[in-house]
Amino acid sequence: VNELIHATDVVILGYFLALNTFYAVLLVLAIPEIWEQTRLAEDEDFQRLMQSDALPPITILVPAHNESATIETSVTAILTLEYRNFEVVVVNDGSKDETLERLRHAFDLYEVPCTYRETIPTQALRAVYRSRTRTRLLVVDKENGGKADSLNAAINASRFPLVIAVDADTLIEPDALLRLTRPFLLGARIAAVGGTVRVANGCVVKDGRVTDARVPRRFLPGIQVVEYLRAFLFGRLGWNRLGGSLVISGAFGLFRKDYLYAIGGYRVASVVEDLDLVVRLHRHLQQHKIPYEIAFIPDPVAWTEVPESGRILSRQRERWHRGLIAAMWQYKGMLFNPRYGRVGLIAMPFFTFGEMLAPLVEVLGYGVTVLGLAYGAIDTTFALLFLVVAWGYGMLLSIWAVVLDEVSFRRYGRLGDLVRLLLYATLETFGYRQRTVWWRLKAFVNVWKRRQGWGEMVRKGFATPS
Amino acid sequence: VTSYQFLLVVAVAQGVLFVALVILITLNRWIRVRRSAAVHPRRLELDATMQRWALGQASTEDVLAALAWLPVSLAIEGLVTWSARVPSDRWQELSRGLESPWWARALRANYRSARWWKRLDCARFLSVAATPHDIGRVLRLLRDRHPAVQLSAATTLERIGSPVLVTAALEQLPFLGPTVQAYYASVLKRARPAVLRHLAQLFRRLDDPRLPRIIEFAGRLDEPVLREPFTTLATHPEAEVRTQVARGLGKFPHPESVAALGYLVQDEAWPVRAQAARSLGMIADPRTLPIVREALRDPEWWVRLRAGLALTRFGTAGRDALLEAEVGAHMEARDMAALILGLSPQGLSEYAA
C-alpha cells in the first residue's frame, strides 16, 4: 500500500509541476501580449475610424430566454453602441415570461414577413418583428430550442458578414465593438475575436451602461471577479501566442459568418455551445488548410451578471465542465493529432489533461494525502508543505491576474476595490476552490448518467445608481 | 536535492513573489498618480494654447513650446485631436514648424526603429505633421511589416497627395483585407488625380490576379471616368472580376452601362447576375424593366431577391410587375414577389443597402 501511495504521489506531483509550468508559460506569454494590445488600444484614433467607412458591418445576435428582467436595458444599451454600421437580431427563444411583451412595448414592434433563408435548420419561427422606433432592431420569435438554436436562428436572420454573439444579460461598453474590430482593421486573417467579459455585480449601472466599476462586497460574486480576470487577462492572452484559444466567450465573441455557415452554426446538442463552436471552427479551418487566427483582445469589455448564490453557481460550473468533457470526448480525434497543428498538439491536450481531468487529479491528491498520512507513508510536514505550495500557486496566479489588470486597464480605480480584489485572490484557495472541484466532479457523474440540460438561471437585473 | 527541499524552495520563492507583486501593485498606483498629477495640467495647457492659436491669439512657437512639455504620446494625441479642428492652411503652418524641434526630429528618426511601437509613434505623428520632406519616411512606413504602422502611414495620404505614395498604397491594396481596403479608399479620395492615373494602368493588366480587388476599390471612388474601363471588363473571363464590374456599374447611369448590365444579368455565375440585377435597379432605366422582371424567375434565390428589390426602384411599373408576379404561374417568382411586397419601406431600404 505504501508503495502504491508513493507512486500515486509522484504522479500527482509530476502532474502538478507540468500543469503549473504550463500556467507559468501562459503567464509569461501574456505579458508581451497585453503590452502590445495596450499600446494598440491607446494609440488608435477611434474617432477617425468611426468617421470612416472602413469598419465592417456587424450583426449582433442576442438570444433571449426568460430574460424579462434585463432584456429592455440590454437591448437599449446594445442599440446605442458607438459603431457606424450594425444591426441587432434578438431571438426570443420561446420564453415563458414577458420577454417578448417587454420588447414589443419598449421598441414598438410590428410583424414583418420572413425575408431570409433558413440556411441553418432551427426550431419553427413564430414571427419576425421590426421596430418602429429602432430601425436597426430585428426580433425573431421562435419555439424554444435552446441557446444554440436561437443563435443559429439569429445567424440565419443576419445580413452582415460578421456576427457577434451577446448574452441578453450582458452589457457591452459603448466602444467595445470598435475595439473588437481592431484585428480586422489591422488586416489579419481573423476567423473569430473574443473580448473580455467582466463581472457586473456590484457595479453602478445607468441606462444599460456600467458607469462605475466596483468589486462586489459579497464573497461569491467577488471571487468570480478574480476568476474572470484570471481566465481572460492571462489565460486567453497567453493562448494568443500559442495558436489561439479554444474558448471565445459566448457572452461576447465576434465571428465570420461564412465560417459559421461552413460548420453548420452552433451545435444544438452541446451544453457549452461556445467551446464546441470554437473547437469545430479550428477543426474545419485546419482540415481545409485555411490560414486563420482566432484572437483574444483584452480591451473590448462586456459586463455580465454572475450567480450570487452557491446553488446557481454550482449548476453553472457543473454545466461548463460537463460541456468541456463532452467537447473533449466528441473531438478526441484532434488530440495529439499533428494534422491540427498547435490546436491538436497543445490546446487539446491542455484542455483535456489540464482542465478536464484537473478536479479528478485534485481529489485524488487529497485522498492519497489523507491515506498516506493514515498509513504513515507520507510525512506530515511534507504533506502540509505540498498543500501550501499547491494552494500558493493558485493564489499567485490570481494575484498576477489582478496585477495585469492594474498595470494595463485598471478598471477598478478605488483603493478599496483593489484591496478587496487582493483579498478575494488570496481567499479563493481556501474553501471556494474545493467547492468548484466538487461541482466539476458532479459533471463527471452527470456525463456518466447522460444527464442533459442547463438548469435554471435566475437573473436579478442590473442595479441602478442610488 | 530531496523533494522536501525542492518544495521548500518553491514555497519560499512563492512567498517572495507574493510580496513582490503586492509591492508592484502599490508602486504602480503611486507612480500613476504622480505622473497624472504632473502631466494633466500640461495637457490642459496645450489645449488652451491650441485654442488660442486656432483663433489667431497665440503664435506657432507657443504651441511648439506647449507640445515640447508633454510626453511624446500625449503630444501626438494632442496633435491628432486638434488636426481635425483647424483649417488645413493653418495646420500646414504648424506642420512646417514641427520640422525643427528636437523631439519632433527624434520622433521622425523612429521610422527606422527596430521596435514597431516606435515606428507607430512616428507614423501617427507624420499622419498629422508630415511635410513633402517626409515622403521617403512615409513610403517606408507604408511598406512596414506591422499592419498598425501601415494603417497610420496610410492616413498621411489624406494630407500629402504625392504620386509616389499613392502608387505605393495602390500596389499594396490587393493584398489587404477588405476592411483595410475600405480604409485606404477613404484616405485615397483626396489624392484622386494620382489615383485615377495609376488605376488606368492597373486596369490594363487583364491577367493580374489582383484585378477584382482593384475594381472593388475603384468602385468605391464613384468616379465617372472609370465607367469606360468598367464596361470594357464586363466580358472578362474571371467571374469575380465580372461580379465587381456588375456591382460598380450601378453607379454610372449611362446607356453603355445599361447594355453591359443587360449582358451580365444573364451571366452563368449567380453572383454576377445578382449584382447586375441590383445595379439595374440602381439605374432604374424603364427599358430594362423586362430584363429585371425576368431575373425574378432566376433559379438562384439571391438573384431573385436582388431582382425583386430592384423592381421596387422602378416606381409604379416595377410595383405592377411585382403584383403580376405575385399571382403568376412561376412559383419561386411568386414567393419572392410576396416577400418583397410585404416589406415595409424601412425594410426595403435596409435590404437595398
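Reader: Which side chain does A:Arg414 meet in a salt bridge?

Author: This is a predicted model, in which local features need pLDDT of at least 70 and side-chain atom pairs count only at pLDDT 80 or more, while totals for chains, interfaces and linings use all residues. Residues are numbered from 1 along each chain as its sequence is written, chains are lettered from A in the order in which they are written, and side-chain values use heavy atoms, with hydrogens and water left out. A salt bridge here is a side-chain nitrogen of Lys or Arg within 4 Å of a carboxyl oxygen of Asp or Glu. At 2.8 Å from N to O, the partner of A:Arg414 is A:Asp212.

Reader: Is B:Arg227 buried or exposed?

Author: B:Arg227 forms a salt bridge with B:Glu256, with the closest N and O atoms 3.2 Å apart. Buried means under 20% relative accessible area, exposed over 50%, and partly exposed in between (1.4 Å probe, protein chains only). B:Glu256, with 38%, is partly exposed, whereas B:Arg227, because its relative accessible area is 14%, counts as buried.

Reader: What is the area buried between chain A and chain B?

Author: In contact, meaning heavy atoms within 4.5 Å, are 55 residues of chain A and 46 residues of chain B. Buried area is the accessible area (1.4 Å probe) that two parts lose on being put together, summed over both. Carbon and sulfur atoms give 65% of the area buried between chain A and chain B, which is about 4600 Å².

Reader: Which residue of chain B forms a salt bridge with A:Glu406?

Author: Across the interface of chain A and chain B the rule finds 2 salt bridges. In the one that involves A:Glu406, the closest N and O atoms are 2.4 Å apart, and the partner is B:Arg29.

Reader: Which element gives the largest share of the side of chain A that touches chain B?

Author: Elements that give two or more residues to this side include α1 (2-43), α2 (46-51) and α15 of chain A. The largest share, 16 residues, comes from α14(A).

Methods:
Helices (H or I, at least four residues) and strands (E, at least two) are DSSP runs, numbered from the N terminus.
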